[in-house]
Amino acid sequence: MRHLLSSADLSTDEIGAVLDVAEQMSELSTREVKKLPTLRGRTVVNLFFEDSTRTRSSFEIAGKWLSADVINVSAKGSSVSKGESLRDTVLTVAAMGVDALVIRHHRSGAAAQVAGWVDAAVINAGDGMHEHPTQALLDAFTLRRRLGNLAGRKVAIVGDITHSRVARSNVLTLTALGAEVVLVAPPTLLPPGVDGWTTTVSHDLDAVLPTVDAVMMLRVQRERMAGGYFPSPREYTIGYGLTRDRLALLPEHAVICHPGPMNRGLEIAAEAADAARSLILEQVAAGVAVRMSVLYHLLAGEADVSRRIGSAA
Ligand code: CP
C-alpha cells in the first residue's frame, strides 16, 4: 500500500489485514505507557483544510503512540489564509522532509491530486463529498467486533447520502467484506448514479429497521446544502430520523452507529445516540487503533507485525 486515497484501493484481504493489526494496536490503549517504537524517526503531517475533531486528533494520537513526530497544519493559522494554493502549501510542507501527509480538504479528489505532487505517503482524511476511507475502516472494525464476520450482515446507511463521503467509503468497504448495504434516504438526498452502486435503496426507514444488523445514521450536512433538500428539519426527522419510537423497530441484537459529529434531535435522538446498543464512542476509540494500523501499513514496511509492534502483538 503506497497511499490510502479511496476505499477502493484496498482488497478484501488488505482490509482484513488493516483490521487485524488494528486489533493488536487497540491493546495499547489499555496500557499505562501508550508508546511503541514502531515509527520512531518518521514524520507525519496532518494537513487539514476543513474542520475536524475525531479524525485529526485520532491521527495525531495514532502517530504519537507509534513514536512518529506529528505536526498539525490547518488552513486557519497557516499561510493558506493568505491565499497560498493547495499545491504550494503541500510542496512547502513536503520540502521539510515528511513521510506521510494526512489530508482533509473540501474538494473531492484533492487527496489524489496531492499524491501526484509528493513522494510522501498520502492518506485521505476526507475529500469533499468523495471519500473518507479511514472512517469506513474504523466503522468496519467496530461492527466486526460487535457482530463478528460481516459477510451476510445487513447494514442500513441512513440520511444525507448525497453529501456523504462516509457513505461512499462505507459502501465500498462493507460490501468488500460481504455485507449487504441498504441506503435509506429521501430521493433528494440520493446522489445521481446511485443505481449503479452495489447497494439497494429504500425510502421507508420503518420498513428497513426491523431487517438490519446495524443502522448507520449520517449527519445532515447543512453546510453543504444551499437549501431545498427537505421541507423542514421536523419533516426530515419524521421521515428519516432515528427517533426514540423507532428504536423499538430494531432487532434486539442490532447496533447503532454514527460517524459524528451528530445533529442530536435531527437525524438521531438522544435516546438512540446514548442507547446501550449505540457504538458511537466505540467508533471514536476504534479510530485511533485503525489509524495506527494504517500508518503502520504505509510507513513500517513489510516486516512481521508482531516484531514491529513489540509486545502489543
Ligand atoms: N467522522 C469524522 O470525520 O469526524 P470529524 O469531522 O470530527 O473528523
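What distance separates the centres of domain 1 and domain 2, taken over C-alpha atoms? In this predicted model, the separation is 25 Å. The contact between the domains draws 30 residues from domain 1 and 25 residues from domain 2. The domain assignment places residues 7-131 + 287-309 of the protein chain in domain 1. Domain 2 covers 133-283.

The buried area comes next. Together, domain 1 and domain 2 bury about 2,200 Å² between them. Carbon and sulfur atoms account for 59% of this area. On the domain 1 side, Ser7, Leu19 and Met129 contribute 27% of the area buried against domain 2. No other three residues of domain 1 supply more.

The interface of domain 1 and domain 2 holds 3 salt bridges. Elsewhere in the description of side-chain pairs, Asp20 and Arg144 form a salt bridge, with an N to O distance of 3.0 Å.

Several elements build the side of domain 1 that touches domain 2. Those giving two or more residues are helix 1 (12-26), helix 2 (54-65), strand 3 (100-105), strand 4 (121-127) and helix 11 (280-299). Helix 1 gives the most, with 9 residues. By residue class, this side of domain 1 comprises 11 nonpolar, 11 polar and 8 charged residues.

Terms used. Residues are numbered from 1 along each chain as its sequence is written. This is a predicted model: local features need pLDDT of at least 70, side-chain atom pairs count only at pLDDT 80 or more; totals for chains, interfaces and linings use all residues. Side-chain values use heavy atoms; hydrogens and water are left out. Domain bounds come from an automatic or database domain assignment. Contact means heavy atoms within 4.5 Å. Buried area is the accessible area (1.4 Å probe) that two parts lose on being put together, summed over both. A salt bridge is a side-chain nitrogen of Lys or Arg within 4 Å of a carboxyl oxygen of Asp or Glu. Helices (H or I, at least four residues) and strands (E, at least two) are DSSP runs, numbered from the N terminus. Ala, Val, Leu, Ile, Met, Phe, Trp, Tyr, Cys and Pro count as nonpolar, Asp, Glu, Lys and Arg as charged, and the others, Gly among them, as polar.
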